[in-house]
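Subject: The model, and some notes on it

Hi,

Here is the structure I promised to pass on. Have a look at it first, and then read on for what turned up.

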Amino acid sequence: MKEACGVFGIYAPGRKVANLTFDGLFALQHRGQESAGMAVSDGNTVTVVRDMGLVATVFDERTLSGLQGHLAIGHTRYSTHGASDWDGAQPVYRPVGRAGFALGHNGNLTNTTELAEKVGMFPGSIVSDSDVVAELLAHAFPETEELSAALQAVLPIVEGAFSFVLMNTQKLFGVRDPYGFRPLCLGRLGPADAPEGWVLASESPALSVIGASFVREIAPGELVVIDEEGPRSVSIPWLKEVGPRLCIFEFAYIARPDSKLYGREVHATRCRMGELLAAQAPAEADLVMGVPESGVPAAEGFARASGIPYGQGLVKNRYIGRSFIAPDQQARGDAVRRKLNPLPETVNGKRLVVVDDSIVRGTTQRSVVRMLREAGATEVHLRISSPPWRWPCFYGIDTPSTDELLAANHTIEEITEILGVDSLAYISVENLKAAIGADGGFCDACFTGDYPTALPTSTPVLFRVREKPVAYQAVLPGV
Ligand code: AMP
């Protein structure tokens, strides 16, 4: 149920968009590596292809060449448990209304159980929160023939985090929840005075890779409909007015460094996090290094602000997946060893400042510190460019249970000892916000416990499909 996914959508009359969707999804691979999928429409029929695995595993030239059409949505999915749930792959779809629709979701809903009850889905029959939304929309169709009308009816009762992309045979839709927890932006193909198509994506690099230009972020609470007339906003009767709360951890870790969020380039904000961290928690040392790759920009900033030389003390194997999702502690520790290897000639005899983006369970840091000491480091001063992670996320970031969150169960002194470092400091919430320097509001509940919404009253009982069904291609009938 816990996903930090990537979503993409494109409407480009006269173009074959399956390959562009592939490129967009490939640029969003960091947001989800468990499954990938797309739905493509040629104006009459929507075809959905989705499967477990990376974008380049699910789609090859042959699959893409069979996906004809000018309108598409796509999804990359990342869920916590490492379980292989074929049925959790997206887009989800429903062959209802005049032509059926497909949906891709980034975020987590907080009232899934209540929503499921409304449409008679019982514990054990729920595949995912996204599937429940598809079911709600399908139920809205007897009253309306239009997907945008169904969305206007259903969205106000959906609570929690959602950036949705949706489509039927004719139109593309994008919507963000009123808090705007998860990002979504709009791009344009072709010049402003003669647009050739429109694109929606979780992050702006997915626009650049297909030659689209960034137009703007979709506003929190905004529904955009895109068809031959271009994009237009449709108003949603949200139940209450709330302020924007973009996930602050997007800046610290999730988003690509070349993404722009709240008008800020993420890489630059990470460098500033390092600069402010150097002022907040200085250290006497010979070398500053980052834990590849996510700790590197903040390490650069730390070195610049402290005047301590910057160096590369660890090499990362580029071909390795994430260690975070390995099933147990032993496997996670082994995975860190396979992923990172020290450079003894750089670190031997040195007092090191080691910068990383976050500590969750502490697995990475424990292995890193041991490796660096074995390679000859005389001191290790650990600096973390996000505050102590003490609270679980309910809005779409994968978090282990509170028992496993290191900072939820230990003081900074205890963590210093557990990790075996000479000193440890985390950036303060104030400095993290100052480094980002944006006017918009943030959700920082993982660091502060300040949750903007009511929390789920129960955990939905999910129906798991562990085997891949024989047919994995769904064709929705046209008008
Ligand atoms: P840990 O080793 O359990 O302390 O995890 C911390 C490392 O995992 C961080 O340095 C990040 O690079 C990475 N990380 C943090 N949050 C997540 C997440 N939600 N999903 C995957 N990786 C993460």
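Which residues does Leu-184 touch, not counting residues up to four places away in sequence? They are Val-7, Ser-163, Phe-164, Val-165, Gly-174, Val-175, Arg-176, Ala-201, Ser-202, Glu-217 and Ile-218, where contact means heavy atoms within 4.5 Å.

Before I go further, a word on the source: this is a predicted model, in which local features need pLDDT of at least 70 and side-chain atom pairs count only at pLDDT 80 or more, while totals for chains, interfaces and linings use all residues. Residues are numbered from 1 along each chain as its sequence is written, and side-chain values use heavy atoms, with hydrogens and water left out.

Back to Leu-184, which sits in the loop between strand E8 (172-176) and strand E9 (185-189). Helices (H or I, at least four residues) and strands (E, at least two) are DSSP runs, numbered from the N terminus. With a relative accessibility of 2%, Leu-184 counts as buried; buried means under 20% relative accessible area, exposed over 50%, and partly exposed in between (1.4 Å probe, protein chains only). Leu-172 is twelve residues from Leu-184 in sequence and 14 Å from it in space, C-alpha to C-alpha.

**The ligand**

There are 17 residues around the ligand, and Asp-356, Val-360, Arg-361, Gly-362 and Thr-364 come nearest. By type, the shell divides into seven nonpolar, five polar and five charged residues.

- The side chain of Tyr-253 has an N or O atom 3.1 Å from a nitrogen atom of the ligand.
- The side chain of Asp-356 has an N or O atom 3.0 Å from an oxygen atom of the ligand.
- Arg-361 uses a backbone N or O atom, 2.8 Å from an oxygen atom of the ligand.

On its own the ligand has 490 Å² of accessible area, and the protein covers 93% of that (Shrake-Rupley method with a 1.4 Å probe; for residues, only the protein chains shown count as cover). H8 and helix H13 (363-374) are the elements that give two or more residues to the shell.

**Two helices**

In helix H16 (residues 429-436), the buried residues are Val-429, Asn-431, Leu-432, Ala-435 and Ile-436. They lie on the same side of H16, because they cover an arc of only 165° around the axis, taken from the directions from the helix axis to the C-beta atoms. Their cover includes helix H8 (248-254), strand E16 (264-265), helix H9 (266-280), strand E23 (442-443) and helix H17 (445-448). Gly-437 follows H16 with a positive phi, near 65°.

H10 (296-306) has Pro-297, Ala-298, Ala-299, Gly-301, Phe-302 and Ala-303 buried. H9, E17, strand E20 (351-356) and strand E21 (379-384) are included in what covers them. Just after H10 comes Gly-307, with a positive phi of about 80°.

**Backbone points to check by eye**

The peptide bond from Gln-90 to Pro-91 is cis, with omega near 5°, and Pro-91 belongs to the loop between strand E4 (71-77) and strand E5 (92-94). Another cis peptide bond runs from Pro-292 to Glu-293, with omega near -10°; Glu-293 is in the loop between strand E17 (287-290) and helix H10.

Tyr-262 is not a glycine, yet its phi is positive, about 50°. You will find Tyr-262 in the loop between strand E15 (260-261) and E16, and it is buried at a relative accessible area of 19%.

**A buried arginine**

Arg-77, in strand E4, is buried with a relative accessible area of 2%. A polar atom of the Arg-77 side chain lies 3.2 Å from the backbone oxygen of Gly-88.

Best wishes

Notes:
A residue is near a molecule or strand if one of its heavy atoms lies within 4 Å of it. A polar contact is a pair of N or O atoms within 3.5 Å; within protein, one must be able to donate a hydrogen and the other to accept it, and residues adjacent in sequence count only if both atoms are side-chain atoms. Ala, Val, Leu, Ile, Met, Phe, Trp, Tyr, Cys and Pro count as nonpolar, Asp, Glu, Lys and Arg as charged, and the others, Gly among them, as polar.
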